[in-house]
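Hello,

Here is the structure I promised to hand over. My notes on its helices follow below.

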Amino acid sequence: MYINYELTLSLAFFLTKNLKVVQEYDKYTEEDFNVWKLLFDEQMQQLPTIASSSYIKGLENVQFKNSEIPNFTAVNKLLQEATGWKIHVVPGIIETLPFFQNLSNQEFPATTWLRKMSQLKYIQEPDMFHDVFGHVPLLSDPVFCQYLKGLSKIALDYIDNANVLELMARVYWFTVEFGLIREDGVVKIYGAGLISSPGESLFSLSSSDLHRPFSVKEILATSYFNDRYQVQYFVADSYQQMYDALDEIRTEIERYVAEEIEVKPA
Ligand SMILES: [Fe+2]
């Protein structure tokens, strides 16, 4: 079953604007700890062989364990040392502007709540397992972080242009959420939507017919699905290749704007 817990940037809405939220660690229940452990153990049966080595190294860098829901204060100290990034607590899906503002400030927006035991296979919004287990380990990789920050700068320059934001959502979607990377000739997963999804992680690697080489032009021209598996995934050669592509992303977006090319979601 597909687990729909992805951000839909162009349709993002605010739950509680300007509300200062924090992780209340003492309020996690025994069920929360059990859910974290079950999800963690399930994913770790496969991730060591199918996930990018940077993600696996990142898991060690941020010291995630199956027995402990990550404490953001401790994780942020480790992230600060590694890349200067931190987790920024949000109550749920946030609007596009604060989302990219957070990224440009080297803060990754993440929720603190976990799905219930009855929701292990399906939740409608990203929970902490997706936001934290899926995204945070790679925030200890400096080049990946520079790429993420670079994306946010482009998005902020066009924050009032819905067309461009849809293009940026495509880039974010096909890299940060559902990206694949080739390491020593083997295609691995690094996108958080794949890392945190038992079904789609395996599906994305199930056939080379699903794989396209990383291409800015092609990604910008490809709409994505937020309610089912993707029909193609883009395979980068390295995070450096993605970082180096930021200039091309900006150039292509300028072309879309100049030629008034309309972009429609799937
Ligand atoms: Fe995500």
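**Helix H8 against helix H13**

Helix H8 (residues 162-177) packs on helix H13 (residues 246-258) at about 145°, with the axes 10 Å apart. Axes are lines fitted to C-alpha atoms over the stretch in contact, and angles run from 0 to 180 degrees between N-to-C directions. From H8, the contact uses Asn163, Val164, Leu167 and Val171; from H13, Ile249, Ile253, Tyr256 and Val257. Contact means C-beta atoms, placed from the backbone, within 7 Å. Helices are DSSP runs (H or I, at least four residues), numbered from the N terminus.

The model is predicted: local features need pLDDT of at least 70, side-chain atom pairs count only at pLDDT 80 or more, and totals for chains, interfaces and linings use all residues. Residues are numbered from 1 along each chain as its sequence is written.

**Burial of H8**

H8 is mostly covered, with twelve of its 16 residues buried. Buried means 20 or more other C-beta atoms within 10 Å of the residue's own, these atoms being placed from the backbone. Among the buried residues are Leu167 and Val171, along with Arg170, Trp173 and Glu177.

**Helix H3**

In H3 (residues 53-61), the buried residues are Ser54, Tyr55, Gly58, Leu59 and Asn61. They line one face of the helix, because they fall within an arc of 160° seen down the axis of H3. That arc is taken over the directions from the helix axis to the C-beta atoms. Their cover includes helix H4 (72-82), helix H7 (142-157) and helix H9 (192-195). Gln63 follows H3, and its phi is positive, near 60°.

Best wishes

Conventions. Helix = DSSP H or I, 4+ residues; strand = E, 2+ residues; numbered from the N terminus. Contact = placed C-beta atoms within 7 Å.
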